[in-house]
Amino acid sequence: MGIRFRRWGLAVGAGVALAILAAALGVWYWQSRPSPPPEPPLPDLAGADQEVVEIINLAREKVLRAPLSAKAWGQLGEVLLAHDFNREANRCFQQAEALDPHEPAWPYLQGLHLATYDPEASVLCLERAVRCCDERQNVPRLLLVEALLERNRLDEAQSLLEQVHSVDPGNLRTELGLGRLDLLRQNWRAGLTHLDACRNDVHTRKRASTLRAEAWNQLGEKEKARDEQRRAAELPEDQPWPDPFYEKILTSRRGLRARFLSVDYLIQAGRLPETLQLLNETLDKYPSSLEGWMRMGEIYHRVNKLDRAQACFQQAARLAPDFAEAWFRLGCVQAQTHSSDAPASFRKAIRWKPHYAQAHYNLGQCLKEQGQRDVAAEQFREALRCRPDYDLARKALRELEDATGQKR
Amino acid sequence: MRIAQHILIGTILCITIGCRPPEATSPAQEGADDPVWFHDATEDVGLDFVHEAGPVGSYFMPQIMGSGGAALDFDNDGRLDLYLVQNGGPNSSARNRLFRQRTDGRFEDVSAGSGLDIAGYGMGAAVGDIDNDGWVDVYVSEYGGGRLFRNRGNGTFEDITRTAGVAQPSWGTSCCFVDYDRDGWLDLVVVNYVDYDPGFQCGPANGIKDYCHPRVFPGTSMRLFHNRGRDAGGRWRGFEDVTQSAGVAKPGPGLGVACADFNGDGWPDILAANDARPNHLWINRKNGSFVEEAATLGVAYNGLGNTASNMGVTLGKMGDSDGLSLFITHLTEETHTLWQRGERGFFRDRTIAAGLANTIWRGTGFGTILVDFDLDGAPDIAVVNGRVARSRGELPSQSGLDPYWLPYAERNQLFLNDGQGRFRDISRGNHAFCGSFAIGRGLIWGDFDGDGRVDVVATNVAGPARFYRNVAERRGHWLLVRAVDLGLHRDAYGAVVTVQAGTRRWTSFVNPGQSYLSSGDPRAHFGLGPAESVDTIRIDWPDGLAEVFPGTKADRVVRLERGQGQKVKNMDK
């Protein structure tokens with residue numbers, strides 16, 4: 001009886017245990033089963049440009065049609081990132097990375113976004129991106145170097161820099177990184193050597209000079225430090241590094257803002273006919289764009305098509321009668337054509353922006369031409385009151401005072 | 001049966017405990033080792049100020065730059081009072097408010113009828129006795145100018161902007177008083193921001209509106225107003241605008257300001273922190289004019305050679321033999337930067353070495369102060385944060401914030417100095433000061449309750465000002481030095497105070513004009529660590545005289561008057 005009971009008990013116990021185990025396995029499977037892809041994110045598009053809404057919806061539909069496509073998720077992320085919906089873009093890149101863990105773009109773009117507010121998380125993403133990169137894909141590697149230098153992880157940064165240097169010895173971003181690394185380790189002379197290579201490149205020259213100045217300071221070479229600092233102060237800001245991942249994203253930009261960015265690019269490249277064509281198309285699509293009319297006016301003014309420039313600024317002033325800048329620009333064109341309307345336009349600019357130094361100055365010049373010297377002098381004084389560093393106004397006032405024999 | 005029980009229990013244990021993945025550290029445990037420094041005493045002290053930013057939706061740029069305020073003893077009762085600035089515009093019902101500190105430590109609103117209860121696009125405040133009559137006066141910077149108020153000595157103030165010659169049309173931000181020409185009269189520095197035009201519409205690539213970036217507009221020059229002192233008949237003559245003649249007319253856009261001797265020649269220089277442009281450091285040429293040397297001295301750019309968005313400024317000395325330290329707050333995507341003056345007079349970016357690049361979270365910093373909060377003998381750092389453009393990262397889930405302002409809200413930061421010049425981020429453990437999301441701007445500091453520990457008041461865009469009482473465990477002794485020039489009837493702004501205890505030495509400044517849009521306690525504060533007394537107190541007065549005063553026991557406020565100490569030879573530097 002006792003033995004039978006024990007056997008029976010053993011069997012029941014084992015059965016219950018098996019049942020629990022089976023249930024646990026079921027729960028485990030349920031929890032760890034591949035979950036269906038999440039719904040693609042939809043940012044709050046209130047106030048967004050219609051063209052932007054359209055391209056986002058299009059990319060989103062592609063994800064809905066192919067929810068297991070890393071490419072579709074990545075492209076949606078790129079479109080979202082291109083239009084500054086970074087939060088939602090990041091979710092897409094995470095999903096794209098989960099579906100295709102070998103593509104460096106997805107963790108790289110996450111890292112790029114996170115760098116602005118969560119550098120620790122950004123470094124993790126960049127490390128994953130670097131693991132996916134082949135030896136020629138150095139952009140993620142060098143961005144990671146810069147993040148590591150900021151985190152004082154100097155040995156890891158050095159190792160990556162050496163890797164890049166071995167395959168691309170002329171890379172100036174590497175030289176700048178090595179220079180910074182040396183300075184952080186207080187190896188001033190070695191740093192100077194690396195930074196010297198970066199002194200003339202548009203991507204590195206200002207930073208290289210600033211860093212070289214510090215190295216010379218630390219070495220007690222005051223004059224050399226001053227020379228470098230003076231040079232750095234005169235140089236424009238360094239241009240951003242070429243970034244194939246991010247540049248691809250910029251091509252998907254749409255909407256008014258994107259059009260203006262293209263306008264900026266075309267102007268910089270000196271391609272004025274194309275600029276005008278793009279602006280014309282933009283104003284056809286967005287006829288109430290104040291910025292569009294202002295930009296068009298500026299281009300016509302620049303190429304000396306004053307009638308057209310005047311028409312553009314007049315249209316801008318009609319669209320926004322309290323926009324001082326439109327009246328000011330209109331006044332500038334009118335002054336150039338010796339129109340008697342110019343002073344009135346400058347006065348309107350001053351009405352909406354009473355401390356507009358250039359408007360006061362230009363009004364002063366108009367009044368001076370009309371022989372109203374006292375009133376003109378007042379305008380020059382007002383310009384100087386608004387902007388004590390306004391040398392043109394000071395000179396004009398001095399000339400007027402010399403001519404009239406007055407001094408106030 | 002027992003076997004069956006064992007199998008059963010084993011299986012259940014395995015399922016419930018053994019097979020579960022290890023738990024992550026709970027947020028409650030994070031920061032558990034951090035010392036707690038502040039208690040939110042806003043309600044305890046009766047401070048009921050809510051910042052009015054004006055109507056939302058037009059993205060009027062001055063509203064996102066916020067407003068600050070000042071700690072001041074306007075009634076000479078020995079207690080610090082508070083003045084807080086509003087930004088709702090000239091037609092707003094929200095007015096700047098003056099709070100008098102009562103004997104019980106609570107603040108009572110004495111704004112009505114004080115003359116300081118003005119409405120406008122208010123930004124910052126500077127406090128100083130402009131006419132040397134023994135009563136502190138107040139300058140309020142504004143979008144579209146600023147206003148100067150003379151303290152009548154009876155709890156009321158008189159607007160003397162026009163007659164005093166300090167009217168200016170630019171967008172004034174941080175401001176402070178300094179006697180730059182050592183004539184005994186406090187001069188006024190007003191940093192100006194950009195030549196803003198509200199007609200410009202800005203925003204990111206998606207076309208949704210946001211506040212403009214400062215680079216959209218040209219920067220404007222700071223203003224320097226020279227105090228003309230009294231005439232032969234004893235009448236105070238006001239100020240004259242010497243911006244041009246003093247050589248400081250150079251466009252900013254400026255947000256922060258601090259005056260101190262940056263090059264070690266004993267004369268006050270002016271540092272203007274510029275937003276998205278290199279800083280300006282105006283070196284005093286000792287003849288009423290200045291020369292700009294930020295790049296030469298190494299504070300124009302950060303250590304990586306980048307131009308940063310410079311906002312709030314604070315100064316201090318880290319250790320006995322260290323040079324002047326300068327800390328400037330920056331954007332979330334940058335790091336706040338700590339420079340230190342080296343042996344050869346050049347400043348070096350020590351942010352990385354000091355552990356300040358590796359913070360637990362980041363923020364767009366504005367108000368900041370370098371002060372020894374826990375009295376261990378090493379100055380610590382407090383920063384208030386809040387964005388200027390909508391966050392593209394994850395938004396805080398904190399309730400109670402207006403959805404319009406939520407994407408701009410961030411958390412503050414606290415950094416503990418370990419005494420070796422390295423800082424530890426203790427923000428996580430300081431929920432009162434750092435735990436809530438807000439759009440922090442001004443940071444006013446002072447020992448409001450006389451316990452030797454420095455308290456702070458934070459001002460927030462479209463939110464309540466918060467009074468944080470310092471409740472840090474005392475890790476040492478303290479001393480507060482009030483340096484007074486009786487001949488001038490006022491605190492000796494610009495004085496450098498050095499105390500010595502055994503082989504250790506600490507230096508602090510009589511310098512209320514730091515942080516962002518704020519003015520703080522004019523007394524020099526010292527955390528002394530284990531030193532129970534100091535052997536000597538040396539004061540380098542702003543006019544160049546150096547005096548040594550006898551030592552004193554710690555844990556007290558001492559008032560030292562110019563001329564009462566033993567004169568020491570001050571080497572001409």
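In this predicted model, β29(B) and β30(B) form a hairpin with four residues between them, and B:His489 in the turn has a positive phi of about 60°.

With β37 (residues 556–561) of chain B, by contrast, β29(B) runs parallel, and six bridges connect the two; here B:Val484 stands opposite B:Glu561.

In soluble globular proteins, nonpolar side chains tend to be buried together. The largest nonpolar core of this model has 179 residues, and those with the most contacts inside it are B:Val138, B:Leu188, B:Val189, B:Val257, B:Val456 and B:Val497. B:Val189 illustrates such a position: leaving aside residues up to four places away in sequence, it touches B:Cys175, B:Cys176, B:Val178, B:Met222, B:Leu224, B:Val257, B:Cys259 and B:Ile270. Apart from this core lies another, of 49 residues, which includes A:Ala70, A:Ala89, A:Leu181 and A:Ile249.

Helix α15 (residues 272–285) has 14 residues and reaches 20 Å from its first C-alpha to its last, close to the 20 Å expected at 1.5 Å a residue. Its buried residues are A:Thr275, A:Leu279 and A:Thr282, and because these fall within an arc of 60° when seen down the axis of α15(A), they line one face of the helix. An α-helix has 3.6 residues a turn, so residues three or four places apart point the same way. The buried residues of α15(A) pack against α14 (255–268) and α16 (290–302) of chain A, whereas A:Pro273, A:Gln277, A:Asn280, A:Glu281 and A:Asp284, on the other side of α15(A), are exposed.

Helix α20 (residues 357–369) of chain A has 13 residues, which should span 18 Å at 1.5 Å a residue, and the 19 Å between its end C-alpha atoms agrees with this. Of these 13 residues, 11 are buried, so α20(A) is largely enclosed by the rest of the structure; among the buried ones are A:His360, A:Tyr361, A:Asn362 and A:Cys366. The cover over the buried residues of α20(A) includes α18 (324–336), α19 (342–352), α21 (373–386) and α22 (391–404) of chain A. Just after α20(A), A:Gly371 takes a positive phi of about 85°.

It remains to consider how the two chains meet. Contact between them involves 46 residues of chain B and 57 residues of chain A. On the side of chain B that touches chain A, α1 (2–18) and α4 (294–297) of chain B each supply at least two residues, and α1(B) gives the most, with eight residues. By residue type, this side of chain B divides into 19 nonpolar, 18 polar and nine charged residues.

Conventions
Residues numbered from 1 in each chain as written. Chains lettered and ligands numbered in written order. Predicted model: local features only at pLDDT ≥ 70, side-chain atom pairs only at ≥ 80, totals over all residues. Contact = placed C-beta atoms within 7 Å. Nonpolar A, V, L, I, M, F, W, Y, C, P; charged D, E, K, R; others polar. Core = buried A, V, L, I, M, F, W, Y, C linked by C-beta atoms within 7 Å. Buried ≥ 20, exposed ≤ 12 C-beta atoms within 10 Å, placed from the backbone. Expected span 1.5 Å × (residues − 1). Arc of directions from axis to C-beta. Pairing = 2+ DSSP bridges.
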